[in-house]
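I set the structure out first and then go through what I looked up.

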Amino acid sequence: MCETHNMIQTNLYDSKSPTWCPGCGDYGIWASLRTSLNQLGWGAEKYAVVYGVGCSGNMTDFIKCHGFHSLHGRAVPNAEGIKLANHELTVICEVGDGDCYGEGGNHLLHAMRGNADIKVLVHDNRVYGLTTGQTAPTSPSGFKSKSTPQGVIELPVNPLSFAITQGASFVAQGFAGDTIYLIKLITEALSHKGFALLNILQPCVSFNKFYGYAYYKERIYRLEEDNHNPESKEEALKRVMQDETRIPLGIIYKKERPTYQDQVGVLAKGTLVKQPMNNPKEFTSLLNIFTENPL
Ligand SMILES: Cc1ncc(C[n+]2csc(CCOP(=O)(O)OP(=O)(O)O)c2C)c(N)n1
Ligand code: SF4
């Protein structure tokens, strides 16, 4: 962990909770995910969480279940691998917007178009938090940061329109400052069969002060109270292409279709982890390449 984060976070450290800055939106997401999992009543052996590298990944070790802290930008393909190996697990990704929409954007695109049966919960703080405040793909044009002192030149990524048009079968948005509603949305996302993207607006109180709790509270509204039809792609796109005078929360788009795992024939015989190995010798020699001759 970098020096700045150590300075900010040392006082909070008690080994029982993540070491986020006081007031960080990640606390609300963590509490909401735990509550949702408790409400679903799933045993810890029923699901796995894959974490990206970033402040969101600080949640690793603080959810009791199978977990894997992957490389930056690689949480989604790791989740897809876990789901293929054991499709009885519900596989969740906890990732930052930099991780998921920047370095991992290509993985995200292909997971969505395949409708991989994974649930991606994005901590969208519009900045690189862990590395102390550089521009992220969701930072708006003109955003000044350590990495863009003269302001961002590009347009920001719109993760919601990207997901709706590229095959995600569940697209929703939550807010870390409205945990009651976030719990509901997480539960909906985890219960969905197919690729689910839940973009969570998450204030980074240390490095992105403009997009704080007040900014969102003034603009958010609930789609279910605004006569929205989540089955209509056109309506969903209209909602997410509006300017930010109003920011929608809720299920934006949902339409079930066969998942990637449904269509991989060999999985019909049961999970790969329980199937007998055809050629154990071949597997051992492959393993030896990695264990005896690491490059
Ligand atoms: C392959 C790789 N590239 C870059 C980094 C450096 N790095 C670590 S965290 C991070 C950005 C984190 O931002 P985000 O994913 O938005 O998460 P946040 O910290 O804001 O929750 C970067 C660029 C890395 N660790 N590995
Ligand atoms: S996201 Fe921002 S507020 Fe939260 S722990 Fe990271 S740097 Fe601190």
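How do the residues of the shell around ligand 2 divide into nonpolar, polar and charged? I found 7 nonpolar, 6 polar and no charged residues there, where Ala, Val, Leu, Ile, Met, Phe, Trp, Tyr, Cys and Pro count as nonpolar, Asp, Glu, Lys and Arg as charged, and the others, Gly among them, as polar.

Before going on I noted that this is a predicted model, in which local features need pLDDT of at least 70 and side-chain atom pairs count only at pLDDT 80 or more, while totals for chains, interfaces and linings use all residues. Residues are numbered from 1 along each chain as its sequence is written, chains are lettered from A and ligands numbered from 1 in the order in which they are written, and side-chain values use heavy atoms, with hydrogens and water left out.

**Entry: ligand 2.** I counted 13 residues around ligand 2, and the closest are Cys-21, Cys-24, Cys-55, Cys-204 and Val-205; a residue is near a molecule if one of its heavy atoms lies within 4 Å of it.

**Entry: ligand 1.** Around ligand 1 I found 16 residues, of which Cys-55, Gly-98, Asp-99, Gly-129 and Leu-130 come nearest. By class, this shell holds 5 nonpolar, 8 polar and 3 charged residues. Its largest share, 4 residues, comes from helix H4 (residues 97–103), helices being DSSP runs (H or I) of at least four residues and strands (E) of at least two, numbered from the N terminus.

I then looked for polar contacts, that is, pairs of N or O atoms within 3.5 Å. A backbone N or O atom of Gly-129 lies 2.8 Å from an oxygen atom of ligand 1, one of Leu-130 lies 2.9 Å from an oxygen atom of the ligand, and a polar backbone atom of Val-127 is 3.2 Å from a ligand oxygen atom. Taken alone, ligand 1 exposes 590 Å², and the protein buries 75% of that, by the Shrake-Rupley method with a 1.4 Å probe.

**Entry: pockets.** Which pocket does ligand 1 take up? I found it in the second largest pocket, a molecule being placed in a pocket if more than half of its atoms lie within 2 Å of the grid points. On a 1 Å grid over the protein atoms alone, a pocket is an open set of points with protein on both sides within 12 Å along at least five of seven lines, a cavity is a set where a 1.4 Å probe fits but cannot get out, and lining residues have an atom within 4 Å of a point.

About 220 Å³ of space lies in this second largest pocket. Of its 18 lining residues, Val-53, Gly-54, Tyr-128, Gly-129 and Leu-130 are the closest to its centre, and H4 gives the most to the lining, with 3 residues.

The largest pocket has a volume of about 420 Å³, and of its 22 lining residues the closest to the centre are Arg-126, Val-157, Asn-158, Val-240 and Glu-244. I sorted its lining into 11 nonpolar, 5 polar and 6 charged residues.

**Entry: cavities.** The second largest cavity, at about 30 Å³, is lined by Gly-73, Ala-75, Val-76, Val-95, Asp-99, Cys-100 and Gly-104. Helix H3 (75–85) and H4 each supply at least two residues of that lining.

Note on methods: Polar contact = N/O pair within 3.5 Å; in protein donor to acceptor, adjacent residues only side chain to side chain. Points joined across faces, edges and corners; volume = space filled by probe spheres on them.
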